[in-house]
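Follow the text with the structure open beside you.

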Amino acid sequence: MSRVFSEELVSQVAREMKVADLQNATIGDVLLVASRLEELTGIPFIRMDQGSPGLPANKVGIEAEKKALDAGLGAQYPAAAGVPELKDAASRFIKAFIDIDISPRACVPTTGSVAASFGAFIACTQRLPGKNKVLFIDPGFPIQKSQLRILGVEWEFFDIHDFRGKPLREKLESYLSKGDIAAVVYSNPNNPAWICLEEEELEIIGELATRYDVVVLEDQAYFCMDFRHRYGRPFQPPFVPTVARYTDNYILMLSASKIFSYAGQRIALACISDKLFDRQYPALARRYEDSGVFGPTFIASIMYMITSGCTATTQYGMAEMLNRSVSGEINFVEDVREYERRARRMKRIFTDNGFTIVYDRDVTREVGDGFFFTLGYSGMTGGQLLLELMYYGVSSISLSTTGSDQEGVRACTSRMREELYPVLEERMKAFREDHKAIGKE
């Protein structure tokens, strides 16, 4: 077996889909090309491009939404700040699994974490004159930079690959000390690398955020999915690592999309430190002609203008899932552990055939298995590897699109199916055979 798709066919489909440069394509562009190739040929792709959940939505949430609809809540506008049931449940959930106290009033539902970060970027970059840039600890989620393009907000970024542990302090301070950084953003576990920041690193970030008055936006989309630890037992250690232990300048973003496989309902939480929630900013008061208090301004003067609130029935669905998790009736960590199993099997197939794991370590141990992992191949840039894998019926995205300085691609496990493992193995054996000249043979 050699290539599944010819260069000519892939180029033809890329032109048809108006994708000018497949090596630097966005997730959406890769998805379009892969889907069209499948449609034209009937040959299945190994879809490692889009990070969409690959497990059924949690039935507890579905039933709670149905109940809310039957009660007539579909006819009512939801409160901008969120329904009390969800806010109370969110506060308990955070205490149970992170061991951090955030009052219900500061737990704000949003239509997914994308909306949460969009609103947070606005509030954070407008709160203090002169602090108008965002710093990304990359690699990261490309959409967040696209949000800043829409807003006209400038950003800085650096790849954390060479700055793990103590070296992170000097690197981070080199940006924050300039005085123009309003917010720092990262995901933990990381999209796309699946690295996890360790306590020493979170403490560094928290200390510097306090010193330079910077808000940390901590994206916990893959909550409790560092399967190397026994997270997910309510009110029992170990608790999920967070910067919230080391600063009061934070917003935690918790999404139902992955932990409850509830992506289609677009529901998440922006959980704001109580001290930040209550802090008053004259610049916000002048701009919005309101109190200028961070939390109320974020809710009523910013988020409401973006989404007009979250769907009320979906809020009740998430509230029920959170409450059942706290009571122990839902074990959401075990529900999504399938991603760990998929990653372990997929990584073995790739590494057995000459690939390497690009982001392979945290500070003190090997990176875990979960929703994402990264792949490199000797002699190839990330863009070249993306394109070559397309010829073998495997779709991914280049790490260069995520702010990474490393050469490789991101692989997502969510759409892998049992019957595709032998297909992947056959294709990667062919890949290895065809690339012996440039691989580590």
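Contact means heavy atoms within 4.5 Å. By that rule, and leaving out residues up to four places away in sequence, K131 touches C124, T125, G179, D180, I181, A182, Y212, D213 and V214. The model is a predicted one, in which local features need pLDDT of at least 70, side-chain atom pairs count only at pLDDT 80 or more, and totals for chains, interfaces and linings use all residues. Residues are numbered from 1 along each chain as its sequence is written, and side-chain values use heavy atoms, with hydrogens and water left out.

K131 sits in the loop between α5 (113-126) and β3 (133-138). Helices (H or I, at least four residues) and strands (E, at least two) are DSSP runs, numbered from the N terminus. K131 is buried but has no salt bridge, and D213, the nearest side chain of opposite charge, is 6.3 Å away. Buried means under 20% relative accessible area, exposed over 50%, and partly exposed in between (1.4 Å probe, protein chains only). Lys and Arg count as positive, Asp and Glu as negative; His and the chain ends are not counted. A salt bridge is a side-chain nitrogen of Lys or Arg within 4 Å of a carboxyl oxygen of Asp or Glu.

The structure holds 37 salt bridges. One of them joins R36 and E39 at 3.3 Å, N to O. These two residues are three apart in helix α2 (residues 27-41), about one helical turn.

In helix α15, R344 and E340 are four residues apart, and their salt bridge has its closest N and O atoms 3.2 Å apart. E340 is buried at 11% relative accessibility. Salt bridges that share partners join E334, R337, E340, R344, K347 and D369 into one network.
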